[in-house]
Each structure stands twice: as structure tokens, then as C-alpha cells.
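Please look over the sequence and the model shown below.

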Amino acid sequence: MDLAAFQAQMRHLYGERDAERGLARTFAWFTEECGELSRAVFRGDDDDRLTEFGDVLAWLASLADQAGVDLAEAARRYAEGCPRCAAAPCACRR
Amino acid sequence: MRLRPLEAGDLDVALVQIATSFGRARDDALAERTRSRLADGQLWGLEEDGTLAGHCRLLPGAHWLGGRAVPTLDVASLAVPPEHRGRGVASAMMREAVTVGLARGDGLSVLYPSTTRLYRRLGWEHAGSLTRYRVPARVVPTPGPTLRRGEEPTDWPAIRDCHTAFAATLSGAAVRGEERWEELAALAHRYVLDDPGAPGRLEAYALVEHEPIPGSWQHTLRLTDWAATTPRGLAALATFAGSHGTFARDVVLVDVAPPRWAAVLGEQDLDATGGLAWMARGLDLPVAIAHRGFPAGLGLAVTLRVDDDALPSGPWRLEVADGRGALTAAPGADVRLTARAVGPLLTGFRSASELASLGLLRGPGEALALLDAAFAGPPPVMLDFF
Ligand SMILES: CC(C)(COP(=O)(O)OP(=O)(O)OC[C@H]1O[C@@H](n2cnc3c(N)ncnc32)[C@H](O)[C@@H]1OP(=O)(O)O)[C@@H](O)C(=O)NCCC(=O)NCCS
Ligand SMILES: [Zn+2]
């Protein structure tokens, strides 16, 4: 599934509920999921990680949708190479 | 058990928890404020087997430290209803709040404790104060210029600017949020002192309330909010307060520590009438250090680590130069901090040497002296309660 399709799927599944929730609270949920992700990464097993990366991605897509951002377009920033030095792999120092 | 943002359907339960935890009347004003905080994503609750065992307010804040604003997670209104108390619900919530703050990229967490023990065990420590003072209106000298009523449409933004200029010079003061400004905007009496050198700018202001004293013909004059960015401004505020001497018994105000008002009074008439300690805890420390200001003209480097299992804790190298600081990964650590040492060190409430003598931090004397210099500053204070 590409990013645009993923964002559309999130809109289809939760768009209405998330719009009701509003940007501030959607962001609160996003941070809650980041907390879960941190636990999964540092203290969880592989299953936890798979679940939590999925959840964070889902909330990120919902957040982008509500903020009027097209994730696929945002991702293009990195498509050609490092946005700072334009090289791939990045050739910036440090 | 997980801490999650409250949803609209949680409002009723939250209101019952607020009423029973803080002894508050469940009126329309409380319901409205709670609803708006919920809609704003500030209310978080701990869910246990499908019921809300407690909730709290986690508000994205910022506090002035060393002249710069550090992003913080301000914790307030922690409420565990009686039927859920005494089995670790509050502690679990605060542990989770640390994770939320880290995910949000906050440098510190700040709160007013109703019990120190609960938070201290989890890494918060006393890190500043809020002190209310009282002085008999009659004894306040009146040598300065006169304030005018601040009712022009341009006065409110000028008042806000004056506050910001004042608060930015203090350590610990909150960067005021809209909710607090709205409360203050509702006060009926605003007085201001124009800066003659800069049209549209103020040297001082006072937002005032008159509180009747039961059974007396006198009242208390509350400077609910004030700021003075110049000596002339402070003299004008004193003059304003002193001019109430015939009908106001006392003037009550929040001041820094030591109080600036003591410097304009003739004698030691200013009494502290109520002090509150606030606590701070480190969250994302590289963020806290990068956002905080440091004394200009100081250059130093110290290696350190924090014994804190709740968050990334080093070892780091702290570098201070040109009024800025940076915390970068580095091997070895001269100074070892307990989690509880971070809050008071970063706000400047206690020096590294003092924290060492309290057993909260250890390291060679030379490194401690460098940390003492790095975090030196005025005693941290807050002007607002949240
Ligand atoms: C304070 C309050 C949040 C504690 O909730 P709780 O879930 O029972 O707290 P915990 O079980 O996690 O207790 C943790 C520690 O807090 C401290 N504590 C809890 N209740 C306390 C009380 N009534 N008095 C003093 N300390 C208390 C204790 O140190 C306790 O640890 P211990 O029992 O091992 O000594 C709850 O009693 C409450 O909502 N009270 C009214 C509102 C309030 O004071 N909120 C705090 C605002 S800052
Ligand atoms: Zn690069």
C-alpha cells in the first residue's frame, strides 16, 4: 500500500470521527501512540513493535489529513536524496 | 493500564472525579471549562478494565529559564476518586505522563504538588516557589508617577507585552497561555503606566480586584497581576497601592523572591502570607538544555549522566558558550545526577554543590563549581497558579 492509499484508507476508516475529535485531540492521541511505540521499541517484543509502528503510522496519517497535508507529497521531500545536500546516501557531515 | 486522551463521552465521569477530588461545586462554569480543556486535548485518563480510574490535565506549556522559553509538560488537576485511591493509580498516571512529555519533545515537567511524596518518588523535586505578600496599604510610600486606567483598545496587547518582557527576566515563570489571559481579561480594573520614550509601550501595569473584608468597612486591594519593567514603573505601582491607604487595609500581591516591592518600602512591612512550592522533573534533557538560556560570557564543558530509568539519561557532555547550552552524547561522566536532581538544577533552585550536599548528585568539586556557574540565576518563581 502506498502512502496516498494509506492516507485515504485512514480517512475512510476514521475520517469522520477524527474530524469531530479536532486537531488538538488527534495530536494528543498521536503522542499517546508515540509513548506506546517507545515502550514497544525499548521494552517490547517483535509483535509489539509491528503493532505500534502501524498505530503510529495510522495516527500520523489521520493527523496529516486533518492538518490538510498530503503525506505522499510530504514524502517527496526525501525522494531525490537528502533535502539538505541532495546526495543519496546523505553526504552531510555528522 | 494506559493513559489516554479523554473523549467527549468521558466528560461526566471526569466532572464527578473533579467534584469529589477537589471539593468543587459541579456548576456550569466547571462543566464548560472542563469541556473546553477536553476538546483541547489537555485531559488524560488512566483506563483500567474499561473504567476511568483517574484523570489529570497535561498541558503543553513553556517556562522562562535564563531569558529563554523551555517547552514543558505542565501537570495539573490530578484526580483519583476515593474509590480508586491507595493502589497506585496516581503514580501510574504520572509515570505515563513522563512518556507523553518525552513523545511531545518537552524538556521539563512542572507541577504544583498537593503532596510532595507522590511526585518526589517519581523524579519530580521542589524547583521553585510562588509567594504571595501582604503589606498595609497605609505604609506604602507614594513617590512615583500616577497610573492611568488602561481602557484603550491598544492597552490590552501592550499589557501582554509588558508582562512578557517582565516574565522573561524571571526564572521559572510560565509563558502565559490563552486560558490564563482570558481569566485576567475579565477583571474590571486595569491601570497602566505609559513609557514616554516608546509610544504604545508600558513601563508597568496592574490588574486590580477589591475584596470586601467581612464585618469591616475596609477592603483588601489585590494586585491580581502586575509587572514593572523599570524602576519608575515599580515606583508608580507602589504609588498606586499607597494611594488606597484610607480605605484599603492591605495590599496583596505575588512577587518574586526576594520581593522587589521590599526595595520600594520604607520599612520591613511586606509579609509573605502564602507560599507554594512547585516541582520540576527532567524529560528530554537535550531539549531542555538547548532551549534554556545560560549566563552570557560563560564558557565551559562538563560530562554528566542521570540515573533515571524513565528516560534517556546520557552520558552526555554539557557545553555552554555564548549564552547557549548543548547536551551531546559523550563517553564517561564526571557528574552523576539522581533523577530528582535535574529539576532543581535546571531551574536554578539549588546549585549543584547544594544538591551534592543533599546527596542528590555527586562529582568532583571542580565539575560541581562549573555546574554552579552554568545554572546560576535568580531564584525561580512562578507568578501564576495552574
Ligand atoms: C493524591 C491522589 C491523586 C493520590 O492518588 P492515589 O492513586 O491514591 O495515589 P497512589 O496510590 O499512586 O499513591 C502514591 C503515593 O502518593 C502519596 N499519597 C497518596 N495519597 C496521599 C494522601 N492522602 N496524603 C499524602 N500522601 C499521599 C503517598 O506517598 C503514596 O505512596 P504510599 O502509599 O506508598 O506512601 C488522590 O488521593 C487524589 O485525587 N486526591 C485529591 C486531589 C489531589 O490532591 N490531587 C493532587 C493534585 S497535585
Ligand atoms: Zn545530507
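What follows covers the ligand site and then the cavities of this predicted model.

The shell around ligand 1 consists of 19 residues, and the closest of them are Leu78(B), Gly86(B), Gly88(B), Ser91(B) and Ser114(B). Four elements of chain B each contribute at least two residues to this shell: helix 1 (11–22), strand 4 (68–79), helix 3 (89–104) and helix 4 (116–120). Sorted by class, the shell holds 9 nonpolar, 6 polar and 4 charged residues.

Which atoms of Gly88(B), Ala90(B) and Ser91(B) come up against oxygen atoms of ligand 1? For Gly88(B), a polar backbone atom is 2.7 Å from a ligand oxygen. Ala90(B) likewise uses its backbone, with an N or O atom 2.9 Å from an oxygen atom of ligand 1. Ser91(B) uses its side chain instead, where a polar atom lies 2.6 Å from an oxygen atom of the ligand. On its own, ligand 1 has 890 Å² of accessible area, and the protein covers 70% of that.

How many cavities of 30 Å³ or more does a search of the whole structure find? There are 2.

The largest cavity has a volume of about 80 Å³. Its lining is made up of Leu285(B), Ile289(B), Leu304(B), Val306(B), Leu318(B), Leu327(B), Leu337(B), Val342(B), Leu345(B), Leu346(B) and Phe375(B). By class these are 11 nonpolar residues, with no polar and no charged ones. Helix 8 (285–291), strand 13 (300–307) and helix 9 (339–347) of chain B each supply at least two residues of the lining. Helix 9 of chain B has the largest share, 3 residues.

The second largest cavity contains about 40 Å³ of space. Which residues line the second largest cavity? From chain A they are Thr31(A), Glu32(A), Gly35(A), Glu36(A) and Arg39(A), and from chain B they are Leu3(B), Glu96(B), Thr99(B) and Val100(B). Two helices each supply at least two residues of this lining, namely helix 1 (3–43) of chain A and helix 3 of chain B. Helix 1 of chain A gives the most, with 5 residues. The class counts for the second largest cavity are 2 nonpolar, 3 polar and 4 charged residues, whereas the lining of the largest cavity has no polar and no charged residues.

How values were computed: Residues numbered from 1 in each chain as written. Chains lettered and ligands numbered in written order. Heavy atoms only, no water. Near = heavy atom within 4 Å. Polar contact = N/O pair within 3.5 Å; in protein donor to acceptor, adjacent residues only side chain to side chain. Areas by Shrake-Rupley, 256 points an atom, 1.4 Å probe, with all protein chains shown as cover. Nonpolar A, V, L, I, M, F, W, Y, C, P; charged D, E, K, R; others polar. 1 Å grid on protein atoms, 1.4 Å probe; cavity = no way out; pocket = protein on both sides within 12 Å on 5 of 7 lines; lining within 4 Å. Points joined across faces, edges and corners; volume = space filled by probe spheres on them.
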